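Trainee: Please take one part of this model, look at it closely, and then connect it to the rest of the chain. I would like the cut-offs stated as the terms come up.

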Amino acid sequence: SYRALKAELAGSDVELGVLLQAILGHWPRTDKDIEPGMRTIDQDGKTVRFCPLDPGFAAYIDAVFTALAKERPAFILTDDDVRAFSHGCECFCERHVKLFNSRRGTSYDSDALRAAVAKGNPGDADYDAFFALHREMMENDVVGRIRRAIDAVDPTIPAGVCIAGEEHRLC
């Protein structure tokens with residue numbers, strides 16, 4: 001366990017951190033829908049991972065990262081699944097489509113928004129708005145929520161995201 005390893009390393013020069021290998025979930029899904037909550041919908045209409053706009057999942061993120069921060073690790077890292085990007089874009093669930101429509105003044109359903117994004121290009125208003133919403137979701141509803149949960153316990157704990165070739169700090 002983390003606590004046992006931390007105890008064994010006490011007095012050494014090794015600082016123990018935590019890597020959470022999956023937050024939203026990786027693609028392809030391997031779970032069995034045991035956990036309740038809204039799932040993201042990808043560009044092909046498949047359910048992929050947990051949707052960060054689901055209130056129950058948001059509470060789960062808060063609880064997990066609060067508990068981890070209370071262990072006072074040297075750092076906390078998440079894996080790249082916090083980007084919520086499978087082999088294509090997401091999320092086209094009812095919550096995201098409703099939010100998109102309210103911001104854009106549109107009336108898409110999931111299928112129509114997926115089609116619009118699939119045939120869109122950078123510079124197209126709805127295409128750009130979809131990816132802006134996706135980035136906002138990652139920054140505010142995923143990594144921002146994680147950072148806030150850590151900060152509520154100890155804002156000095158550094159945190160980041162394991163993404164090859166880039167550094168994303170949860171600042």
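Mentor: R72 sits in the loop that runs between α2 and β4. This is a predicted model: local features need pLDDT of at least 70, side-chain atom pairs count only at pLDDT 80 or more, and totals for chains, interfaces and linings use all residues. Residues are numbered from 1 along each chain as its sequence is written, and side-chain values use heavy atoms, with hydrogens and water left out.

The phi of R72 is near 55 degrees, a positive value in a residue other than glycine. For context, most residues other than glycine have a negative phi. R72 counts as partly exposed because its relative accessibility is 42%; buried means under 20% relative accessible area, exposed over 50%, and partly exposed in between, with a 1.4 Å probe and protein chains only.

Now place that loop in the chain. The protein chain has 5 helices and 6 strands, where helices (H or I, at least four residues) and strands (E, at least two) are DSSP runs numbered from the N terminus. Their order along the sequence is α-β-β-β-α-β-α-α-α-β-β. Of the 171 residues in the protein chain, 41% are buried. Among contacts (heavy atoms within 4.5 Å) with a separation of 6 or more, 66% are between residues 24 or more positions apart. The chain exposes about 9,500 Å², of which carbon and sulfur atoms supply 53%; the areas come from the Shrake-Rupley method with a 1.4 Å probe, and for residues only the protein chains shown count as cover.

In general, nonpolar side chains in soluble globular proteins tend to be buried together.

F92 leads on to the aromatic residues. The structure holds 6 aromatic pairs: rings of Phe, Tyr and Trp (its six-membered ring) pair if their centres lie within 6.5 Å, and planes under 30 degrees apart count as stacked, over 60 as edge-to-face, and the rest as tilted. The F92 and F130 rings have centres 4.6 Å apart and planes at 5 degrees, so this pair is stacked. F92 lies in the loop between β4 (76-78) and α3 (94-104), while F130 is in helix α5, so the pair ties together parts that are 38 residues apart in sequence. F92 is buried at 0% relative accessibility, and F130 is buried at 3%. Y127 and F131 make a tilted pair, because their ring centres are 4.8 Å apart and their planes are at 55 degrees. Both lie in helix α5, 4 residues apart, about one turn of the helix. F131 is partly exposed, at 24% relative accessibility. Together F92, Y127, F130 and F131 form one aromatic cluster.

Helix α5 also carries R147, which is buried with a relative accessible area of 9%. The side chains of R147 and D151 are joined by a polar contact of 2.7 Å. A polar contact is a pair of N or O atoms within 3.5 Å; within protein, one must be able to donate a hydrogen and the other to accept it, and residues adjacent in sequence count only if both atoms are side-chain atoms.

Last, the cysteines. With a disulfide taken as a pair of cysteine sulfur atoms within 2.5 Å, the count is 0. C51 is in no disulfide, and the nearest cysteine sulfur, that of C93, is 3.7 Å away. C51 is buried, at 0% relative accessibility. The sulfur of C91 has its closest cysteine sulfur in C93 at 3.4 Å, which is too far for a bond. C91 is buried as well, at 2% relative accessibility.
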